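I open this notebook to record what I looked up in a single structure. The entries follow the order in which I consulted it.

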Amino acid sequence: DRLREVPGPEHIAQAFGSGTRLICPGDSEWPERLDDLGSARPYALWARGYGDLRLSCLRSVAVAGSRAAAAYGSYVASDMAASVAARGWTVVSGAAYGVDAAAHRGALAADGVTVAVLACGVDRPYPAGHAGLLDAIAASGAVISEWPPGRNATRLRFLVRNRVIAALATGILVVEAGERSGALNAARHARGLGRTLMAVPGPVTSQQSAGCHTIIR
């Protein structure tokens, strides 16, 4: 079924002409950590950017959290991402609004490397308001997806891509996530893969941090 989604030769040529490349298992740029997913490993990754994906992910931490982040969550995500990026660690996240965007921007502000994992084709800036951010990420890191160019984001694809975010990094930091946050899905993948799982506590009265408190507990 997935083979039906492969774009035709013209679309592939157009994608490659715009700087997109295809990374397959066994390629020098393939991150071996993805092999930990077993049968759930992506068949390949489409990538846009100038960083070497495998090298970038050797020392990396994923950051996940609420799209509707409060000022507290955005500040913590940005500050912690900048801190690890300044120490030579790559920040992996999903380029969504809220915590994801704050983490990417924090890494970029520290002149670090960051990788965005999309739930759509790498030629589709999603969300549209992050077109400039995705270009900045690609300039020093990579924008990647297991879906070919031209594919739009769907709810299911967001959940599916979380396993890639969790597998790429050595650990995941969950910042400001509610009890039903998709970030908890990424956290479960990380725990199942034996990755280091971390969470940032918030006020005991904050529903935005209830998921983080569950992880900590």
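**Entry 1: Helix α4**

The model is a predicted one, in which local features need pLDDT of at least 70, side-chain atom pairs count only at pLDDT 80 or more, and totals for chains, interfaces and linings use all residues. Residues are numbered from 1 along each chain as its sequence is written, and side-chain values use heavy atoms, with hydrogens and water left out.

I took helices (H or I, at least four residues) and strands (E, at least two) as DSSP runs numbered from the N terminus. I then asked how many of the 11 residues of α4 are buried, that is, under 20% relative accessible area, where exposed is over 50% and partly exposed lies in between (1.4 Å probe, protein chains only). I found 8 of them buried in α4 (residues 99-109), so the helix is largely enclosed by the rest of the structure. Val99, Asp100, His104 and Gly106 are among them.

**Entry 2: Nonpolar cores**

I next looked up the nonpolar cores, each a set of buried Ala, Val, Leu, Ile, Met, Phe, Trp, Tyr and Cys residues joined through side-chain atoms within 4.5 Å. The largest has 32 residues, and those with the most contacts inside it include Leu34, Val92, Val117 and Ile144. Elements that each supply at least two residues of this core include β5 (114-117), α6 (155-168) and α7 (182-192). A second, separate core has 13 residues, including Ala81 and Leu173.

I listed the contacts of Val117 (heavy atoms within 4.5 Å). Leaving out residues up to four places away in sequence, Val117 touches Val92, Ser93, Gly94, Ile144, Arg161, Val164, Ile165 and Leu168.

**Entry 3: Cavity and pocket**

I worked on a 1 Å grid over the protein atoms alone: a cavity is a set of points where a 1.4 Å probe fits but cannot get out, a pocket is an open set with protein on both sides within 12 Å along at least five of seven lines, and lining residues have an atom within 4 Å of a point. The count came to 1 cavity of 30 Å³ or more. The largest cavity has a volume of about 40 Å³, and its lining includes Leu118, Tyr126, Phe158 and Arg161.

The largest pocket has a volume of about 500 Å³. Of its 27 lining residues, Arg67, Leu159, Ser181, Gly182 and Ala183 lie nearest its centre. I noted that β3, α6 and α7 each supply at least two residues of this lining.

**Entry 4: Salt bridges**

How many salt bridges does a search of the whole structure find? I counted a side-chain nitrogen of Lys or Arg within 4 Å of a carboxyl oxygen of Asp or Glu, and the search finds 5.

Arg41 pairs with Asp35, the closest N and O atoms being 3.0 Å apart. Arg41 is partly exposed at 32% relative accessibility, and Asp35 is partly exposed at 34%.

Asp36 forms a salt bridge with Arg195, again recorded with closest N and O atoms 3.0 Å apart. Asp36 lies in the loop between β1 and β2 and Arg195 in the loop between α7 and β8, so the pair ties together parts 159 residues apart in sequence. Asp36 is partly exposed at 47%, whereas Arg195 is buried at 12%.

Arg163 forms a salt bridge with Glu146, with closest N and O atoms 2.7 Å apart. Both Arg163 and Glu146 are buried.

Notes. Grid points are joined across faces, edges and corners, and a volume is the space filled by probe spheres set on the points.
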